[in-house]
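Hi there,

Here is the structure I said I would pass on. Please have a look at it first, and then read my notes below.

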Amino acid sequence: NGDIKINDKVLKVTLHGKQAPQAVANFLSLSAAGFFSGNSCHRLVTSGIYVLQCGDPTGSGTGGPGYSFGPLENVPVAESGKSPLYKKGYLAMARTANSPTTQGSQFFIVYKDSNIPSDKAGGYTVFGEIASGLDQIDSVFTGGVAGGGSDGKPKVKATINETTFDYTGEN
């Protein structure tokens, strides 16, 4: 449990270590190494699903830590005939389409309840949630996508200043 600081605003985070031990260990390891500091969140989706994607050191959507892992953990279960619900505040691992073993450093913040469709690999690992502070970066979400559209680089830049976590907790 700790903080993700974006645009100098502190987002309090609760990690789900028991439900997603592999993803949490990966996130904590990258955080401790300072991997996320200075990275910009490179993708905003404002229609259909509502997510801000971060964790790519290149800012291009193709970068990562130099390794990948799987399988998926703690994936929301869908009601029959529906896409799974990812609740506002969820932190989930991004991955390549149709591949459960391509998680690395990229993650997304769900800023509004979203039914995110699963692909043939399944859904997305939920490894934590924003406990408070998400509203402090509303300007990023309401600012929309640069150049218009509903999926692309955020018009309002979102930069991760730092991530700080307490490594002694049970979660």
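Let me start in the sheet: strand S6 (residues 90-93) and S7 pair in the antiparallel sense over three bridges, and Ala 92 has Phe 108 as its bridge partner in S7. Strands here are DSSP runs of E of at least two residues, helices are runs of H or I of at least four, both numbered from the N terminus, and two strands pair if DSSP finds at least two bridges between them.

A word on the source: this is a predicted model, in which local features need pLDDT of at least 70 and side-chain atom pairs count only at pLDDT 80 or more, while totals for chains, interfaces and linings use all residues. Residues are numbered from 1 along each chain as its sequence is written, and side-chain values use heavy atoms, with hydrogens and water left out.

S7 (residues 107-110) also pairs with strand S4 (residues 51-54), antiparallel and through four bridges; there, Leu 52 stands opposite Ile 109. S4 is in turn joined to S3 by three antiparallel bridges, with Val 45 opposite Val 51. The whole is an open sheet of nine strands with antiparallel pairing, in the order S10-S3-S4-S7-S6-S9-S2-S1-S11. At its edges are S10 (151-152) and S11 (160-165), each pairing on one side only.

Which way do the S7 side chains point? Phe 107 and Ile 109 go one way, Phe 108 and Val 110 the other, and all are buried (under 20% relative accessible area with a 1.4 Å probe, protein chains only; exposed is over 50%, partly exposed in between).

Now the cores, meaning sets of buried Ala, Val, Leu, Ile, Met, Phe, Trp, Tyr and Cys residues joined through side-chain atoms within 4.5 Å. The largest has 33 residues, and Ile 4, Ile 6, Leu 52, Phe 107 and Phe 127 have the most contacts inside it. Helix H1 (residues 21-32) gives the most to this core, with five residues. A second, separate core of eleven residues includes Val 51, Tyr 90, Ala 94 and Phe 108.

One loop residue may interest you too. Asn 39, between H1 and strand S3 (43-45), counts as buried because its relative accessibility is 7%. Beyond its neighbours within four places in sequence, Asn 39 is in contact (heavy atoms within 4.5 Å) with residues including Gly 55, Pro 57 and Ile 160.

Happy browsing!
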